[in-house]
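Dear colleague,

Please find below the structure that I am handing over to you, with its sequence.

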Amino acid sequence: RHGAVKGEDTFKTSPFHLDLWFYFTLQNWVLDFGRPIAMIILPLEWFPLNKPSAGDYFHMAYNVITPFLLLKLIERSPKTLPRSMIYVSIIMFVMGASIHLVGDSVNHRLIFSGYQHHLSVRENPIIKNLKPETLIDSFELLYYYDEYLGHSMWYIPFFLILFIYFTGCFTPVAEESRMPVAALLLMGPSSLYYWYLVTEGQIFILYIFTFFAMMALVMHQKRKGLVLDSNGLFLFYSFIITLLLIAGWVAWLWNDKILRKKYPGVIYIPEPWAFYTLHMNNLHAAKESF
C-alpha cells in the first residue's frame with residue numbers, strides 16, 4: 001500500500017546522498033538565486049523588456065530540474081513514503097513555481113523602469129501616477145500572484161516534501177549518525193540558500209513550523225532509540241544554521257525605518273531584494289554619477 005511502512009524498511013540505512021545534495025545546492029544557487037542577477041548584469045539588448053529575460057530561462061530550468069531532484073531524493077529514502085502525497089505536492093510545486101515565474105518576471109523587469117522593491121505597489125513613483133487608476137489594481141493583482149499565491153503553492157509543497165523525506169532519515173545504529181566531510185562542506189552554501197529562500201520568499205512562518213516539526217520528530221524518535229542518519233543530520237543542521245542567519249539578518253536591519261515601513265507586521269524579516277533596491281542600488285547610482 002502507498003504510505004505503508006514495510007517491515008523490512010525499518011532497519012535499512014541510507015548513505016549520504018552527496019550527488020543529490022550537491023546538485024540541489026548548485027541548481028538552487030545558479031537557477032534560483034542567480035536568475036535575477038543574470039537578468040540585471042546581461043545586456044538589455046540581448047533580452048528586450050517585452051521578451052523573457054535570461055532569469056526567466058533560469059526559472060524555467062529550475063521548474064523542471066527541482067521536481068526531478070525531489071523525486072530522486074524521495075526514491076532514495078530507506079523507508080516507503082506516501083507516494084500519493086508526494087505526487088500531489090510535486091504537481092502543486094510546479095504550478096506555484098510557474099505562477100511565480102510570470103509574476104516575478106514582470107516585477108523584476110520593472111526595475112529597469114524605476115520600480116523600487118522596498119516600497120509597496122501603490123507607493124512606487126512609476127505606479128501611483130498610472131491612469132486610469134484601475135491599472136494600479138492590476139499591478140497589485142500581479143504582486144499578489146507573485147508574492148502570495150505563487151509563493152504559497154511553491155514553498156508549502158517544497159517544505160512538505162523535505163519533511164516527508166526527513167521522517168525516513170532515522171536509524172537505530174548510532175554509528176550511522178555522523179556526517180562525512182563532504183556534508184560539512186555543503187552545509188554552509190545550503191544553509192545560506194535556505195536563508196535567501198525564507199527571507200526573499202517571506203515564508204518564515206512556514207519555515208519555523210517545519211523546523212519545529214523536525215525537532216518534535218527528533219525528540220519523539222529518540223525515545224524509541226532512533227537517531228538521525230547522515231542525510232537527516234545534514235537537513236536538520238542546515239535548518240538550524242538558517243535560523244541563526246535569519247536572526248543575524250534581522251538584528252542588522254532592526255533599526256532601518258524605511259524597511260520597517262515596508263514590513264510593519266509582528267514578524268519583521270526584510271527581503272534581500274528590497275534591501276538591494278533601497279541601499280545597494282542607490283550606492284551604484286551614486287558611483288555612476290561621479
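**The largest pocket**

The largest pocket has 23 lining residues, and those nearest its centre are Glu147, Tyr148, Gly201, Gln202 and Tyr263. Here a pocket is an open set of points on a 1 Å grid over the protein atoms alone, where a 1.4 Å probe fits and protein lies on both sides within 12 Å along at least five of seven lines; lining residues have an atom within 4 Å of a point.

Please note that this is a predicted model, in which local features need pLDDT of at least 70 and side-chain atom pairs count only at pLDDT 80 or more, while totals for chains, interfaces and linings use all residues. Residues are numbered from 1 along each chain as its sequence is written, and side-chain values use heavy atoms, with hydrogens and water left out.

The space in the largest pocket is about 620 Å³, a volume being the space filled by probe spheres set on the grid points, which are joined across faces, edges and corners. Helices α5, α6 (181-201) and α7 (204-223) each contribute at least two residues to its lining, and the largest share, seven residues, is from α5. Helices are DSSP runs (H or I, at least four residues), numbered from the N terminus. By residue class, the lining comprises 13 nonpolar, six polar and four charged residues. Nonpolar covers Ala, Val, Leu, Ile, Met, Phe, Trp, Tyr, Cys and Pro; charged covers Asp, Glu, Lys and Arg; the others, Gly among them, are polar.

**The second largest pocket**

The second largest pocket has a volume of about 240 Å³. It is lined by 11 residues, of which Ile74, Glu75, Thr80, Leu81 and Arg83 are the closest to its centre. The elements that supply two or more residues to this lining are α2 (54-75) and α3. Five of the lining residues are nonpolar, two polar and four charged.

**Helices α3 and α5**

The axes of α3 (residues 83-109) and α5 (residues 134-166) come within 7 Å and cross at roughly 150°. Axes are lines fitted to C-alpha atoms, for helices over the stretch in contact, with angles from 0 to 180 degrees between N-to-C directions. The two helices are therefore roughly antiparallel to each other, a term for angles over 145 degrees. The contact of α3 with α5 involves 20 nonpolar, seven polar and two charged residues.

Yours sincerely

How values were computed
Parallel < 35°, antiparallel > 145°, perpendicular 65-115°, else oblique.
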